[in-house]
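Please have the sequence and the model at hand while reading.

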Amino acid sequence: MAKQRVLTGITTTGTPHLGNYVGAIRPAIAASHDEAVDSFFFLADYHALIKCQDPAQVRQSSKEIAATWLALGLDTDEALFYRQSDIPEITELTWVLCCSAAKGLMNRAHAYKAAVQANEEAGEDPDYGVTMGLFSYPVLMAADILMFNAHKIPVGRDQIQHVEMARDIGQRFNHNFAEVFTLPEAVVDDNVAVLQGLDGRKMSKSYNNTIPLFLPEKQLRKAINKIKTNLLEPGDPKEPDNSTVFQVWTAFASENEIARMRGEFENGIGWGEAKKQLFELVNDELTGARERYNQLMDDPGYIEATLQKGAQRAREISVPLIAKVRDAVGISPVR
Ligand code: TRP
């Protein structure tokens with residue numbers, strides 16, 4: 001039997017932060033070593049255009065995200081690592097799928113519905129500022145997934161609906177034309193930590209509470225010192241389970257170190273000392289990767305060559321697949 005294919009995309013709009021690392025990148029790279037799976041990771045740069053109309057930011061983010069995954073040790077001989085825009089078959093497939101995806105299905109997509117609702121609340125036209133890109137976003141994502149006949153799609157909760165739509169769109173195509181597509185399933189890992197940000201809410205770019213992953217050491221220390229705490233003094237016992245400092249600690253520490261820190265909290269460790277230890281822990285885990293990251297950012301040729309190698313491998317799959325799709329729908333040489 002063919003190996004299970006696990007596929008996920010990263011939208012290239014921001015700078016990777018500790019929450020991305022703990023919640024997505026670290027577990028994805030670990031899972032890619034599993035012999036029983038073939039992993040596909042890609043930079044979703046056409047998805048970036050939906051949210052971001054700043055070319056410099058899209059370019060910079062693509063570079064940073066690629067460098068991040070490579071610096072963290074993604075083995076690109078093992079996993080397929082590519083850039084969506086290097087696979088023209090994906091956008092071609094998007095159009096074909098647009099012609100079988102139901103508009104009514106897209107009307108129900110959360111991101112679109114949220115935009116419409118915000119407009120209605122503001123007394124605007126419901127479609128104010130809504131582009132066709134935003135509306136069709138789930139079709140592009142379906143093409144990403146169906147193109148490689150992926151089985152499992154590791155995503156955050158907010159993306160489950162999109163994977164279900166991909167499944168729906170693939171099923172409809174298979175039914176109408178030919179059995180071309182594998183039907184994908186979303187996988188949400190509940191064991192993976194959702195990291196808290198500086199203010200204690202989920203670490204997220206939209207809350208402006210992130211700690212960038214590869215901050216220089218001094219700035220990392222400063223950022224960790226900004227994590228919100230309460231006014232308890234050194235010597236006062238502290239509640240680990242509602243402390244962001246402790247929550248971030250648990251995402252980086254071993255079982256023993258977690259137990260030790262829990263004891264320290266109960267014994268009244270000062271916030272300054274707890275943050276100092278947290279900085280050391282996080283910094284130790286990231287130092288080697290940060291060095292590689294900085295080297296890679298200074299060596300764009302290497303990053304580009306790696307992406308091109310990935311694109312070449314990916315197209316060994318996408319070119320024959322799009323040929324099947326074209327043939328199934330009647331786009332073929334005259335004969
Ligand atoms: N839309 C996803 C996100 O914002 C990124 C993405 C694009 C993706 N294409 C994908 C994820 C295909 C999984 C599979 O997080």
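## Ligand site

In the side chain of D144, an N or O atom lies 2.7 Å from a nitrogen atom of the ligand, and Y137 likewise places a side-chain N or O atom 2.6 Å from a ligand nitrogen atom. An oxygen atom of the ligand is 3.3 Å from a polar side-chain atom of T11. Taken alone, the ligand exposes 370 Å², of which the protein buries 89% (accessible areas by the Shrake-Rupley method with a 1.4 Å probe, where for residues only the protein chains shown count as cover).

The ligand is surrounded by 14 residues, and H47 and Q159 are among the closest (a residue is near a molecule if one of its heavy atoms lies within 4 Å of it). At least two residues of this shell come from each of β1 (4-11), β2 (37-44) and α7; helices (H or I, at least four residues) and strands (E, at least two) are DSSP runs, numbered from the N terminus.

## Model and conventions

This is a predicted model, in which local features need pLDDT of at least 70 and side-chain atom pairs count only at pLDDT 80 or more, while totals for chains, interfaces and linings use all residues. Residues are numbered from 1 along each chain as its sequence is written, and side-chain values use heavy atoms, with hydrogens and water left out.

## Loop residue S85

S85 lies in the loop between β3 (80-83) and α4. S85 counts as partly exposed because its relative accessibility is 26%, the class between buried (under 20%) and exposed (over 50%), with a 1.4 Å probe and protein chains only.

Definitions and conventions: Polar contact = N/O pair within 3.5 Å; in protein donor to acceptor, adjacent residues only side chain to side chain.
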